[in-house]
Structures are given as C-alpha cells and as structure tokens.
Amino acid sequence: MDLLNTLVDKGLRRETPTREEALAVLATSDDDLLDVVTAAGKVRRHWFGRRVKLNYLVNLKSGLCPEDCSYCSQRLGSTAGILKYTWLKPGQASEAAAAGLAGGAKRVCLVASGRGPTDRDVDRVSDTIKAIKERHEDVEVCACLGLLSDGQAERLRAAGADAYNHNLNTSEATYGDITTTHTYADRVDTVHKAHAAGLSACSGLIAGMGERDEDLVDVVFALRELDPDSVPVNFLIPFEGTPLAKEWNLTPQRCLRILAMVRFVCPDVEVRIAGGREVHLRSLQPLALHLANSIFLGDYLTSEGQAGKADLEMIADAGFEVEGADEVTLPEHRAAAGGGCGPGARETGCGSHAGDGVCGTAPAGVDAPAPAEPRTDLVAVRRRGAGTDLAPNA
C-alpha cells in the first residue's frame with residue numbers, strides 16, 4: 001500500500017505526515033489492519049527497539065473534584081461508586097509506589113484529582129517525591145495535579161520530579177463539549193509551564209468520546225506541536241454515573257488504527273497505552289505493543305487493570321522485553337536535546353476514565369461507525385491499592 005510505505009519513510013526520517021495521510025490511516029479497513037500494524041511497527045522498532053516501558057499510577061487523592069469533565073468518574077456530580085479519599089501521606093504513597101517498582105515499573109505517576117494544586121498541595125507532593133526517591137534513587141517521577149500556577153512547576157522540579165502530565169484529551173474545537181469549568185487553552189498553558197521548568201512534558205488524548213476522525217487528527221497534530229516527550233493514549237472507560245456512560249464507540253481494530261496514527265504523527269515519542277486498553281483492545285492488546293512502547297502496569301486511578309503478572313507475561317509472549325531502569329527511553333537525538341515530537345526537538349490527569357456522543361458528530365454524508373457492543377462486565381471499580389487496606393495489583 002503506497003500510503004503505508006510513505007508513512008514508514010516519513011516516520012524513519014521524523015517527517016510530519018499530512019493531515020490527509022493521518023485521516024487515511026483511521027479510514028483503513030479491517031482487511032488492511034495487519035498491514036497498518038506492520039508498517040507502524042517498523043517505525044516503533046526503529047526508534048525504540050523491542051523495549052516496553054512500564055509506568056505505575058499512584059492516586060494520591062481520589063474523587064472530590066470540582067471540575068465537570070464528562071469522561072471522568074471523579075468529576076463534579078459523578079455518581080460512580082469509586083473510592084474517595086483525601087491526600088495520602090508521603091509514607092503511604094511511597095509504599096504504594098514500591099509495589100509498582102517491584103513489578104518492573106521505572107516511572108511512578110503521582111496523580112491527584114482537582115482543578116489544580118494549592119501551594120500547600122505542592123508542598124505535600126514535593127515531600128512525597130522526596131520520600132519515594134530516598135528509597136528508589138533511580139525512579140522517574142511524573143506528577144499529574146491539574147492546572148499549574150506560576151512557579152509551581154519549578155518547585156516540583158526542585159523537589160525531584162522528572163515529568164509532568166497534563167492531557168489535551170480532545171480537539172480544541174470540541175473541548176467545550178466535554179468540559180466547561182476550564183478551557184483547552186488552560187491545558188496548553190500548563191504543558192508550556194512544565195516545559196519551561198525543565199520537566200519532561202507528558203500530554204495525550206482520550207479516544208472514544210463520540211469524536212470524529214478529524215478531531216482525533218486535530219488533537220494529535222496539536223500534541224506534535226506542543227512537543228511532549230510522551231503521549232498517553234487513553235480509551236474511554238464508560239463509567240456508570242458519568243455523562244458518557246453510554247458511549248461504546250470503540251472496537252479493538254479502531255483502537256489499533258488510532259495507536260498507529262499516533263505513532264506515524266509522533267514517530268520518535270514515547271507512545272503509552274493508557275486507560276481502557278483492557279476494556280477495548282481486549283485480546284488484541286499484544287498487537288498494540290507493536291505500536292506503543294509504553295504501558296501502565298496494573299490498576300489505574302479508579303478502575304482495575306489487568307493483573308501485573310499478566311502484563312509481564314503478555315510482553316514476554318509477544319516477543320518484547322521490559323525496559324530496564326538503566327536504559328534511556330527516548331532516542332538519543334531527543335534525549336540529548338531535551339525531548340520533542342518533531343525534528344530537532346525534545347503520562348489520566350494521567351486519567352484513564354472516560355463516554356454520550358458530546359464530542360462531535362459525523363460529518364454530513366458520512367455514516368457513523370456502528371456502536372460497539374457494550375462490555376460493562378470489563379469495567380471494574382478499583383477497590384485495592386492506594387487508599388485501601390488491600391494489597392495493590394502490581
């Protein structure tokens with residue numbers, strides 16, 4: 001297929017595909033799916049070999065959020081039966097992180113619900129970062145605390161944070177349809193603040209909220225322009241009790257096409273399969289490792305994930321290997337330059353929850369894809385790990 005040959009050539013040269021080419025990847029048929037995976041896999045292996053980076057989420061504060069993000073089980077007005085608790089103490093968070101590190105994770109993502117941290121919250125998280133790094137000197141720590149005020153990114157960096165996550169989630173044109181309590185521009189500003197403070201920027205998207213292909217391409221091209229080092233791709237988890245509970249738009253095949261498109265647009269960036277992979281990729285998860293070079297180990301913020309042991313077995317059975325703590329994730333040119341999605345350049349929060357087609361409608365004359373069969377049996381609320389007395393899943 002000429003399209004795929006062109007995209008491979010561009011990916012190996014770190015050239016930007018056209019919007020038309022990115023849209024064409026999303027429009028490929030299921031008959032061509034393995035060809036798409038093979039092509040994107042060539043780009044993934046060129047820049048990242050067969051390594052898979054493991055990341056581990058620690059939910060420092062669950063629920064109780066004043067924002068109205070429609071996809072999130074922690075949102076204002078959510079009736080989802082999730083765990084709700086206030087800030088973990090630094091020692092508790094360090095213990096939770098240790099479980100993921102013992103399972104092979106090299107990055108810990110510290111997440112807290114809310115619009116953004118107060119200065120006191122930054123102090124709390126700084127103490128937590130220090131507690132984790134006292135026990136695990138080489139661990140990467142990514143903070144995900146919402147919108148940052150001036151100076152807060154610098155304080156997190158001084159405390160030892162390596163990265164900051166703040167996802168764009170969807171296109172600028174449809175952002176107001178999923179959230180009204182803050183803006184797309186607010187999110188972009190926080191990513192810029194992280195960059196300016198010397199933190200590795202992590203910013204991604206949520207697919208499956210009823211968006212059009214054009215919206216997916218828009219947000220991925222916007223991410224390329226923002227130049228993050230890592231791009232988490234979340235697949236909406238339609239939690240009962242949220243406005244998007246009825247949104248079941250994804251098939252395993254569509255998820256693979258989305259991951260392939262992200263890889264072609266951001267060829268040398270850490271692409272991470274984030275929330276929802278178990279719900280939507282299901283038995284095709286191993287194929288997704290040919291597209292992404294990073295996953296979350298175990299559970300997510302408010303939902304259960306695949307057992308950590310099963311994640312490790314999946315990686316090995318698919319012919320990949322867990323990236324070691326002494327290995328540099330990014331290609332040499334990006335690591336040396338400080339990161340970036342484009343030529344010459346440099347984890348949901350790290351959120352993984354998201355559902356009712358408020359994110360846009362199909363363009364005129366184009367049939368919307370048939371809705372996927374709801375798999376509510378695969379949506380399980382997290383009841384273990386951080387904030388509970390039960391052992392974590394890692």
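Guide: Strand E7 (residues 230-235) is largely enclosed by the rest of the structure, because six of its six residues are buried. Buried means under 20% relative accessible area, exposed over 50% and partly exposed in between, with a 1.4 Å probe and protein chains only. Strands (E, at least two residues) and helices (H or I, at least four) are DSSP runs, numbered from the N terminus. This is a predicted model, in which local features need pLDDT of at least 70, side-chain atom pairs count only at pLDDT 80 or more, and totals for chains, interfaces and linings use all residues. Residues are numbered from 1 along each chain as its sequence is written, and side-chain values use heavy atoms, with hydrogens and water left out.

Visitor: Which residues cover each face of E7?
Guide: On one side Ser230, Pro232 and Asn234 are buried, and on the other Val231, Val233 and Phe235 are buried, so both faces are covered.

Visitor: And how many bridges join E6 to E7?
Guide: Three bridges join strand E6 (residues 205-207) to E7, and the two run parallel; DSSP must find at least two bridges for strands to pair. Leu205 has Val233 of E7 as its bridge partner.

Visitor: Switching topic, is Arg14 buried or exposed?
Guide: Arg14 is buried, at 17% relative accessible area, and sits in the loop between helix H1 (2-12) and helix H2 (19-26). Its phi is near 60°, a positive value in a residue other than glycine.

Visitor: What about Leu64?
Guide: Leu64 is exposed, with a relative accessible area of 53%, and its phi is also positive, about 60°.
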